[in-house]
Amino acid sequence: MKSYFLRRIAPFFIRVVVFLLGSKNKKKANASDFFFIVGSGRNGSTLLSSVLNNHPSIFVPPEQYVIPFYSARWQLMRFISEKSFFRKLSHELLLPGKTVNWELDKEDYRKLNDINNWTSFYEIVNKIFRHYAFKKGKQNVKMLGEKSPLMIHYWSLFFTEFIGAKYIFLVRDPRDVIFSFSKVSGHKANDLQYAIWKWKDALLQFNRIIESDANYLVIRYEDLVTNPQTVFSEIHEFLDLEFDPTRLKIQKDSNLLGVQELEHHKNLSLPINTGSIGKWRGNFSSNELFKIKSELGEMAAEFGYDLSH
């Protein structure tokens, strides 16, 4: 019920409030220095982000599970000041389970809250991300990235606050995605039906991104690991940054993404390889494969995945 409200009802209320009262933003946000890596999860987004983080002008922080919801509250909570809003947001980001090992503390947020005259929600996020980048030794960041898998499912809550942002849609064979989810201890997508929903909904929400005329790039995971130099060159061109192939050989830094101790990211330190393609084979029953094909086969075919084989 909560998810339905946030995905269906809340965006409608936001539009009504903005129509009646105008946007809370004091100036129109220009998020051209921001990009989202979106998709179902277990699709190579951490691999992609870790390589992009090798570029001195790119910073992608660890995942967080707060920003889309506070993007909605930014427009709806008209009764509190910008500073009070920021204190609530920063408190949420400090709570256990709301981020993947973020290394910002109360003092960091206190310093950020000393900034006067927040002009937009995007500016708040921009300042937080840039502060984090500086703390991690990145002082000349040109492009900020966001890779949290839940963002695609709640895209309707935040997209109007990030006008001009770019989207990299990372898609992977749904059978490998679903099998990979089954290996993540305690994840809701251990359930086959929920994992199917996540892959399907990621694609449905991406279609909405396309319809919004956003600037996007589609990358298949299989192409990413098979032809990394070609794909990363394309991604850097999309982000308007110079590509240096030698960065593909640099040890991928999982510390920037907070996943160095997570079991399901243990292969991140290995060179880019195709070893995870087709791992689903031999791990599903015929009934499970039939269910995956019947629900996702047509959508998967749009990206060149034949679920009959």
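Q: Which residues touch the most other members in the largest nonpolar core?
A: Phe34, Phe36, Ile128 and Phe162 do, in a core of 72 residues. A nonpolar core here is a set of buried Ala, Val, Leu, Ile, Met, Phe, Trp, Tyr and Cys residues joined through side-chain atoms within 4.5 Å. Buried means under 20% relative accessible area, exposed means over 50%, and partly exposed is in between, with a 1.4 Å probe and protein chains only.

Q: What else is there apart from that core?
A: Another core, of 27 residues, lies apart from it, and Val60, Met143, Val225 and Val259 are among its members.

Q: What kind of model is this, and what pLDDT do local features need?
A: The model is predicted: local features need pLDDT of at least 70 and side-chain atom pairs count only at pLDDT 80 or more, while totals for chains, interfaces and linings use all residues. Residues are numbered from 1 along each chain as its sequence is written, and side-chain values use heavy atoms, with hydrogens and water left out.

Q: Back to Phe162. What does it touch?
A: Leaving aside residues up to four places away in sequence, Phe162 touches Ala31, Phe34, Phe36, Phe121, Tyr122 and Val125. Contact means heavy atoms within 4.5 Å.

Q: How many aromatic pairs in the whole structure?
A: The search finds 26. Rings of Phe, Tyr and Trp (its six-membered ring) pair if their centres lie within 6.5 Å; planes under 30 degrees apart count as stacked, over 60 as edge-to-face and the rest as tilted.

Q: Phe36 and Tyr167, stacked or edge-to-face?
A: Stacked, because the ring centres are 5.2 Å apart and the planes are at 15°.

Q: Which ring does Arg172 lie over?
A: Arg172 lies over the face of Tyr221, at 4.4 Å from the ring centre. Lys24 lies over the face of Phe85, at 5.4 Å from the ring centre. A charge sits over a ring if NZ of Lys or CZ of Arg is within 6 Å of the ring centre and within 35 degrees of the ring normal.

Q: Now E4. Why is it called largely enclosed?
A: Because 6 of the 6 residues of E4 are buried. Lys166, Ile168 and Leu170 are on one side, Tyr167, Phe169 and Val171 on the other, and both faces are covered.

Q: Which way do E1 and E4 run, parallel or antiparallel?
A: Parallel, with 4 bridges joining E1 to E4. Two strands pair if DSSP finds at least two bridges between them. Val38 has Phe169 in E4 as its bridge partner.

Q: How many bridges between E4 and E5?
A: There are 6, with E4 and strand E5 (residues 215–220) paired in the parallel sense. Tyr167 stands opposite Tyr216 in E5.

Q: What do the buried residues of H2 pack against?
A: They pack against E1, strand E2 (58–59), E4, helix H11 (221–226) and helix H12 (228–238). Helix H2 (residues 45–52) has 8 of its 8 residues buried, so it is largely enclosed by the rest of the structure.

Q: How many of the residues of H9 are buried?
A: In helix H9 (residues 174–182), 8 of the 9 are buried. The cover includes helix H10 (192–211) and helix H13 (286–301).

Q: Changing topic: how many salt bridges?
A: The structure holds 15. A salt bridge is a side-chain nitrogen of Lys or Arg within 4 Å of a carboxyl oxygen of Asp or Glu.

Q: Which aspartate does Lys135 bridge to, at 2.6 Å?
A: Asp108, with 2.6 Å between the closest N and O atoms. Lys135 is in helix H6 and Asp108 in helix H5 (residues 106–113), 27 residues apart. Lys135 is partly exposed at 42% relative accessible area, whereas Asp108 is buried at 7%.

Definitions and conventions: Helix = DSSP H or I, 4+ residues; strand = E, 2+ residues; numbered from the N terminus.
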